[in-house]
Amino acid sequence: MTPLPRSRRSGESPFGAAATRRSRVRSWPAATRAGSLAAQRRAEMADLQQGVRYRRLFRGMVGFIVALSAIVVLLGSAGMIVETRSRPLTPAEQYRYQQEEIAQRWQAWPAAGVFPEEVKYMGLERAPQYARRIGIAPQSTCAQGLDVTVADVLGRHGCVALLRATYMDESATFVFTVGVAVLQSEESRVSANEELSADDRVGVLPVSFPGTVAERFGVEQRQRNGWVGAGPYIVFSTGGYADGRTRESIPPEEILHSELWPAAKSIGNQIAYFLADPPSVPPCTQGNVC
């Protein structure tokens, strides 16, 4: 058998060069670049569309927040107009107005407003007479101007201050000291009242003024003591003789039947009335026009 020529041998080219295997799919660089650009454009377009969606969502959220804020402002403005417009006071508001006005009087009024220069009282046979103010003492604490047992009670219930003044009757025979104890509220005053003793030997300490008919009016000269509640105030009163007679030197029956104690009690009641007299209340929240 005749051997095949070398050029015919398997794996050899008929031209004598070794044949090599090549891929049947040819690479087309231009086509590949065009595909890449298209894919890039598609990706950019997808990002752009997503950005547009986000922008629309953001603008919607901002619009919703702005609209909600506008509604809240409008509602608040409407509520403020309704709340601040003039309207009739309710009974509860009228009562609170009166209580606040009364509670501020001891500070808002001048000293002569709390203790007038003259105070009307009833003398013998119910004849109207006038006690004249001798002097006003500096403001003090309850512990400084009351007997210890009384001051302890008021201290437990929030005594804020004590105001005192001394008066004399028309004949200058009797002298009286009136003390206004200021408590934190009317409720505190009511609670303190329930604990105060009925002992007429204790109460407000007298205030004497040298060179006046009251210069000899001291603790030993007090004949009786009493008190009355009014608003957040407890008004104490005590009386004695201008000539310096002590309680022990006066027979008990004279103390009970003399003009001294009715006058002292009447003066204290008058000052309590001035302090707690209900003020005029405006009919509306902004005055007299609703």
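What pattern does the protein chain follow when read along the sequence? The answer is α-α-α-β-β-α-α-β-β-α-β-β-α-α. Before going on: this is a predicted model. In total the secondary structure comes to 8 helices and 6 strands.

A few figures for the whole chain. There are 290 residues, and 33% of them count as buried. The accessible surface comes to about 18,700 Å², with carbon and sulfur atoms supplying 57% of that area. If we take contacts between residues at least 6 apart in sequence, 67% of them join residues at least 24 apart.

Now the sheet. The 6 strands make an open sheet, and the order across it is S1-S2-S3-S4-S6-S5, with antiparallel pairing. S1, residues 118-122, and S5, residues 224-230, are the edge strands; each has a single partner strand, so one side of each has no neighbour in the sheet. From one strand to the next, the twist averages 30 degrees.

Which strands does helix H5 touch? H5, residues 148-156, packs on the sheet against S3, S4 (174-183) and S6 (233-241), and its direction makes about 170 degrees with that of S6. Helix H8, residues 260-276, lies across S1, S2, S3, S4, S5 and S6, and runs at about 155 degrees to S6.

Ala 172 counts as partly exposed, because its relative accessibility is 30%.

Next, charges. Side chains of opposite charge can pair when their charged atoms come close. Over the whole structure, the search finds 10 salt bridges.

I will start with helix H6, residues 186-195, which holds both Arg 189 and Glu 186, 3 residues apart, or about one turn of the helix. These two form a salt bridge, with the closest N and O atoms 3.6 Å apart. Is Arg 189 buried or exposed? It counts as buried, because its relative accessibility is 9%. Glu 186 is partly exposed, at 26%.

Arg 201 and Asp 199 form a salt bridge as well, at 3.0 Å from N to O. Here Arg 201 is exposed, with a relative accessible area of 52%, and Asp 199 is partly exposed at 25%.

Then there is Arg 247 with Asp 200, a salt bridge at 3.2 Å, N to O. Arg 247 is in the loop between S6 and helix H7 (252-257), while Asp 200 is in the loop between H6 and S5, so this pair ties together parts 47 residues apart in sequence. Arg 247 counts as partly exposed, at 24% relative accessibility. Finally, Glu 117, Glu 118 and Arg 132 are linked in a network of salt bridges.

Last item, the surface. Which residues form a nonpolar patch there? They are Phe 64, Ile 65, Leu 68 and Val 72, and together they have about 410 Å² of accessible area. Leu 68 belongs to helix H1, which spans residues 29-84. At 42% relative accessibility, Leu 68 is classed as partly exposed.

Conventions
Residues are numbered from 1 along each chain as its sequence is written. This is a predicted model: local features need pLDDT of at least 70, side-chain atom pairs count only at pLDDT 80 or more; totals for chains, interfaces and linings use all residues. Side-chain values use heavy atoms; hydrogens and water are left out. Patches are made of residues with over 30% relative accessible area and no salt bridge: like charges are joined within 9 Å, nonpolar side chains (Val, Leu, Ile, Met, Phe, Trp, Tyr) within 5 Å. Accessible areas come from the Shrake-Rupley method with a 1.4 Å probe; for residues, only the protein chains shown count as cover. A salt bridge is a side-chain nitrogen of Lys or Arg within 4 Å of a carboxyl oxygen of Asp or Glu. Helices (H or I, at least four residues) and strands (E, at least two) are DSSP runs, numbered from the N terminus. Buried means under 20% relative accessible area, exposed over 50%, partly exposed in between (1.4 Å probe, protein chains only). Two strands pair if DSSP finds at least two bridges between them. Axes are lines fitted to C-alpha atoms, for helices over the stretch in contact, and angles run from 0 to 180 degrees between N-to-C directions. Contact means heavy atoms within 4.5 Å.
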